[in-house]
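This report describes selected features of a predicted model, from its domains down to single backbone angles. The structure is shown first, and the description follows.

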Amino acid sequence: MPTRPVDPSTARAGNRITPSGAPSTAPFEPVEPTPASTPRTSALPHTPLSSAQRALWLLDRMHPGSSQYNVPLAMRLRGPLDADALASALTRLAERHEILRTVFPLHGDEPYQRVRAEAHVPVEYVDLTGVPVGERDAACAAEIRRRAEEPFDLAAGPLLRASLVRTGAEEQVFGLFLHHIVCDGPSLHLLFDELDVFYRQAIGTGRDGTGAGEGGDAGLRVPRLAAQFADYAVKQREWAADERGIAWWLEHLAGAPSTLALPTDHPRPAVRSGRGATHCARLTGALVAECTALARRERATPFLVMTAAYAALLSRLTGARDLLVGTPVAGRSETEYEPLIGPFVNTVPLRVDLSGDPAFTHLVRRVRTATLQAAGHAGIPFETLVDRLRVARDPAVPPLVQAMLTFESEPLARPRLAGVDSELLQLFTDTAKFDFDLMIVKSADGSGDYDCCLTYDTDLFEAATVAAFCERFQALLTAVTRDPELPLHRLPLLTEAEARAAATEWNPEPAPRTAPLPPVHEQVAEQARIRPTAPAVSVTRAPGPGGERDAAGVEVTYAELDRRADDLARRLRAEGAGPGTVIGILLPRGAHLVTALLGVLKSGAAYTPLDVTHPAGHLARVTELAAVRHVLTDTENAARLRDLPVRPLLMDEPDAPDQADGADRADGTDQVIGTDGQAPGDLAYAIFTSGSTGVPKGVAVPHSALANHAIAVRDRFALTADDRVLQFAAAAFDVAAEEILPTLAAGGCVLPSPEPPPPAAELTGLLDAASATVANLPASYWQRWTAAIAGGTATAPITLRLLVVGSEPVDPAALATWSQYTGIPVINAYGLTETTITSLTHTTGDVPLGRPVPVGTPIDGVRAYVLDGDLQQLPPGATGELFIGGAGLARGYLGAPATTADRFLPDPFAPGPGARMHRTGDLARRHPDGTLEVVGRIDEQLKVRGYRIEPGGVEAALCTHPDVVQAAVTARPGSDGTPRLAGYVVTRSGAVPEDLRAHLAGRLPVHLVPGVLTHLPSLPLSTSGKVDRKALPDPAPAAPATTAGPAAVPGTDLERFLAGTWQDVLDLERVGIHDNFFDLGGTSFTLATVHGRLSDRLGRRLPLVSLYEHPTISALAGHLGTAGQDTAPSADRSAAADRLAAGRSRLGQRRRGRT
Amino acid sequence: MSRDSAERQYVVVRNDEEQYSIWPADRTLPSGWHAQDVTGGKDECLAHITRVWTDLRPRTLREAAGH
C-alpha cells in the first residue's frame, strides 16, 4: 500500500493565530469565559450532542449506511508486537476517554450521548501468512479497506474498532477505525501518544513496571483528565446561545456571498454526492520560510500569509472581490479540554475583502484584522451561524463556505509503539466536505518541506485542474515572497505550461508570407483566369409542390462574372467611386448581388449592404452615416430609395453595364480593371449592426481583414473548386460575404437561396436540387430543419458534406439529433462583424447535454484571449471576457471615435507593437486543450439571489426535456420585487410539461431552476433573428392562495405537517392540499427549505427531486406514504421502522405544537 | 467584469498608426502605445478622443492617400 499523508479533512488540528509573528500555543478563546471549575455533566441522564456532532448525526440519518464520515487509520508494524498488550492498551484508552465508548441513541426526538460502561474495544484478528507472499499486500489492503468502509451504527456503537492483520512473522498491519462523531485531528495525536504509553505499561517496559497510569514516570504518564467531551458539549450549548457573539457574526457577514463560483470542470449536480479525492503537492521548506519571514514583517503568521494567498488565487479565478474562506479552529478552548479526544474542531468563516486591487502586504493586513476579529467569536458553532444567517439550503452547495484552508506548522500525528517500527499507511480520502479543502502541513519526513494537499469534490473537478490549482498557489506564493508589494491583479495566475501555451499554441503565429495577401476581388479574378468556364454562381429554384424544376435557373461562369464585375467597376469609377468612397447595395440574394460586391471592390470603393426589409428611416440613417451617394439596386427595390439623397444604379436593366460606357469606351479601357492606388488598409465594406441603444453602428472592415478571412475560412472549411455553397444570409449580414467570397476564392460555386429563403422543412429540397455541398445557417433555423428531418417532414440532404452553424448558441441535443439522422460534419462558427465574420471555429464532436458547444480555436491570423476585469489572461476553466485580436480586426466604427476607442483596446499579448484587440462582450472560457467555449453575454448575465447565472446554461438544460423545442430564460421580479429566474418554453405538446421542473431539478442546482415556467407559442425574435429576451412577456403571476374548501383541508398528520411547513416558508395564512407549491409563490430555494425540514423531521434521506415531482401536499403525502419503507436499506428494516416511528412521533408533536 | 469601473482612472493612448484607445492609468502600457497627456475617468478620456481623432484611417493609409 502506498503511503500518503493523512486525510486533511479529518486530521486537521485547527489553526492557531496571534498578532505577533510567531505561532502561539494559545488557542481561540470563546466569547464567554468558562468558570475554572467545570461541573461534570457527563453523568447527566441525557447529555446533548455538540452542534458538530448533531450535524454529523443528521448526515448519518440522511445517508444511512454511508462510510463518508469514517476516520480510518492504518499502520504497518514491524517487530515483535505483543498483540494482547495492544488490545489492552486500546481498552485503557476507551476507559480513560468516555467519548470512545459513547453511543448516540434517541431519547424522544433527539439523540443524546450515552456513555457505555463497557470499555472493551473489539479487535479483529486476521492471519494472512497463509496467503502467497506476492498476494499478501493486496489481500491486506482489501481487508483494511473492507473494515474501513464498514458503516458505524451511531445508536448502538461501538464507534471505535480495530483490526490486526498478520502479514509476516514479525510484520502486521494495525487498522484503527473511528467515526468522526467521536474524534478530530488533534484527537489522533493524543490517541497515538496514549496508545504508546498504555502499550508500554502493558508489556511492562516501564521502569517501575506497575503501569501507574495517570501520574508516575514521565515516559509513562498521561495527564489527569479534569473533564470529558460531554462537558464540552453541554458548555457549547451556552456558547451557541451567545446572542452577542451571534450578533457580531451576523453583522460581520452581512452581505457576504454565501457561494464561491469556482470554475468547475463539470456542472454542479443538483445534489452533491460528497465524493472526493486528494491531490498532494510539495511546498519547499525554503518557500514556507520566506512566507514566515514575510509574515513576521507584517506582524502576521504564516497561516495568515497562506490565507491571503489562497483568497487571492480564489478571487482571481472567480472574479469575486469579497469571499469567505473557512478554517478549522481547534476548539479546545479550556486547558481541561486539551488532553481530550473528541470532535472539538469548529469551522470559522474568514471574510476576505479583496476590493481595490490591494498590494499583497495590504491584503495580509486585511486578513490579519478580519481573522483576529473572528477569533474573538470563534466559539459560535458553524452550524449555528448557518442557521442564523438563513443561508439558503441548497443541497448542491456546501453551506456558507465552499473553500477551506488549514495550515499546520507541525507534522501530523504519527503512530509509534515501543519496540516496533511503525509506519502510517494510506488513508482513504474518497469524501469531500467542501468544494476545495486545502491543507498545508509540515511533512513528517523530516525534510522541512510542507505537504500541500487539496481535497476536492470529484463531481466538480478533474485531477489535472486541481493539480494546476496547487501549481498556481505555489507560483503565487513564490511571486509574493519575491515582491510582497505586488498588487492583486499582477499576481501570476497561469502555470508555466499555460503561460507557454498562451504564447504559442493558444494563438499560433501564422506562417510568414512572402507578400501581402491579394485583396479578395483579386483572389476571385485569379480563379477566373484559372477556370473561366467553371460555374461561379448558380441560381436553382427549389422544386415546387408539384416537383417540377424552374427552367429559369441561371448559371454564371467565372469569366462572365469577372467581366460583369469589371464593367460595373468601370461604371462606378465613372460615377466617382474609388478608395475612400462607399457604395450602397440594396439587392436580394442572387447573381446581381455577387456581381455588385465584386464590382464595388474592383472599383476601389467599399460597399455597404442595405437590407431590403429595413424601414426607410433606417436606410436614411445608414446612407448618411456611411456617406453613400450611389446605391446598386434593381427595379423592384429602387422605389425604396426615392426620398434619399442617393443615386440608384440598376443592376437588372438589360443595358445597365453600358450606361456609363461612353466615358470608359472613349478611354478604350475594356480590359481587366487594375488595382492601382488600392491599399490593404482601404475599406472593403461597412456593415451596420444595431447597437444596444438602437442606433446603428457602422463597422468598417479593411481589405487586409477580408483577404485574411477569405483564405483562412477557405482553409478551415476545406473549400475547393468542387464545392457548391449555399448563399443563405441576407446581404445586410456579413455572413453573406463569408458564403460568397471564400467560395469564389476557392473556385467553387455560389448557390443563392430564393428570396425569401424557404421554411426550414423545405431546405432539403433546395439543397438537393442545387447539389449543394456546404451550407452555413443560423443555429435556430438549422434546429428547426433538424427537427423536421428527425420528425420525418424533411429528408436528410444528399450532397451536403459540411454544415456550418453560428450566429447563436448551438443546442447540443439538436447536434446529436443531426448527427444521428445525417452523419454530416458540423462546424460551429463564432465571430463578430467587428472581427470580420467568423473568427473561431470548432468541428463538433460529442458534446455532453447541458454544456455549450465549443466555438473552437481562432482561424489563421486571428488571436483570441479570455481576460479578467483587469485585462489579465485567465487559465483554462475560468470564465472571463472574450477578446479578439489579429488580422481580422475592423478599422472601427464609422464616425464614432469614442466607441471605437472603447471597444478596440491595446493588445498587450500581440507579438508586434501597437496592436489592438476587440472587446466582444461575450463571456468565454478555455478548455484545457485550448478550445474556447462561449457561455453567454456579459450584459445578459443574470444576478439572482447573489448567484451569477448564464441564461444560456439554463436554456440548454430546458432543451434536454424531450417535449421542449426552444427555451429562453431571464430574470423577472417576483411578487416581493426581488428578481427571480423565469423560464419560457416552446413545446411540442403546447403546454409546460408537468414534469419539466422535476426534470430540471435532476440536472441543475437549485439556484438555476426557474421559479416560474411559462409556455409560449414562439419566442420573440430581434431583427437579426436571435431570441430577444427583453421582449419576453411577464410570467403569469403566482396564483393567490386558494380558499381551502373541505376537500382541500389537510387530513393526515403528515399533510398537516406539510401544510404547516408550507405556510411557514411561504408566509401564507393557509394552504390547500391540492395547491401547487410553485403557484403559491414557492421557489426552488423555499422548496429546499421544505426538503431540509422534512428530511430532518422524518429522520431519513428524501430525494429532493421527489418534492418537484409531487408539488402538492396531497401528492407528496401520498408519495411519502407509499415510498417510505422503500428508501431504507433492506438490511436495516427495524432501524427504518424505528426511524419512521420517530418521524411519526415528531409529526405528532409538531402538530400539537401548532394547534 | 470590469472592476471598480466607476472610479477607475484611464489614460488616453495612441499607437504609431495614430489610432486612439484608453488604458487603465495604473498599468504598464503595452508596447507600441504612447500615453497622451489626458488622464481621468473613462467618459472624460473618450470625450477627448472624440475631439482629437477626427480621421479613423490609420496614419500610413492617410499619408499614402494624401500623396
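## Conventions

Helices (H or I, at least four residues) and strands (E, at least two) are DSSP runs that are numbered from the N terminus. This is a predicted model, in which local features need pLDDT of at least 70 and side-chain atom pairs count only at pLDDT 80 or more, while totals for chains, interfaces and linings use all residues. Residues are numbered from 1 along each chain as its sequence is written, and chains are lettered from A and ligands numbered from 1 in the order in which they are written.

Just after helix 28 of chain A, A:Asp1067 takes a positive phi of about 55 degrees.

## Domains of chain A

The domain assignment, which is automatic or comes from a database, divides chain A into domain 1 (10–19 + 240–412 + 432–499), domain 2 (51–230), domain 3 (941–1031) and domain 4 (1046–1154). The C-alpha centres of domain 1 and domain 2 of chain A are 30 Å apart. Their contact (C-beta atoms, placed from the backbone, within 7 Å) takes 22 residues from domain 1 of chain A and 26 residues from domain 2 of chain A.

On the side of domain 1 of chain A that touches domain 2 of chain A, the elements giving two or more residues are helix 1 (8–11) and helix 11 (382–388) of chain A. The residues of that side divide into twelve nonpolar, six polar and four charged; here Ala, Val, Leu, Ile, Met, Phe, Trp, Tyr, Cys and Pro count as nonpolar, Asp, Glu, Lys and Arg as charged, and the others, Gly among them, as polar.

## The interface with chain B

Between the chains, 30 residues of chain A are in contact with 27 residues of chain B. Strand 32 (880–886), helix 25 (897–903) and strand 34 (904–906) of chain A each supply at least two residues of the side of chain A that touches chain B, and helix 25 of chain A gives the most, with five residues. The residues of this side of chain A divide into twelve nonpolar, nine polar and nine charged.

## Local backbone features

Most residues other than glycine have a negative phi, and most peptide bonds are trans. A cis peptide bond joins A:Gly157 and A:Pro158, with omega about -10 degrees, and A:Pro158 is found in the loop between helix 4 (133–149) and strand 7 of chain A. The peptide bond from A:Glu755 to A:Pro756 is also cis, with omega near -10 degrees.

A:Ala718, although not a glycine, has a positive phi of about 50 degrees, and with 11 other C-beta atoms within 10 Å A:Ala718 is exposed. A:Leu871 likewise is not a glycine and has a positive phi of about 60 degrees, but A:Leu871 counts as buried because it has 24 C-beta neighbours inside 10 Å.

How values were computed. Contact = placed C-beta atoms within 7 Å. Buried ≥ 20, exposed ≤ 12 C-beta atoms within 10 Å, placed from the backbone.
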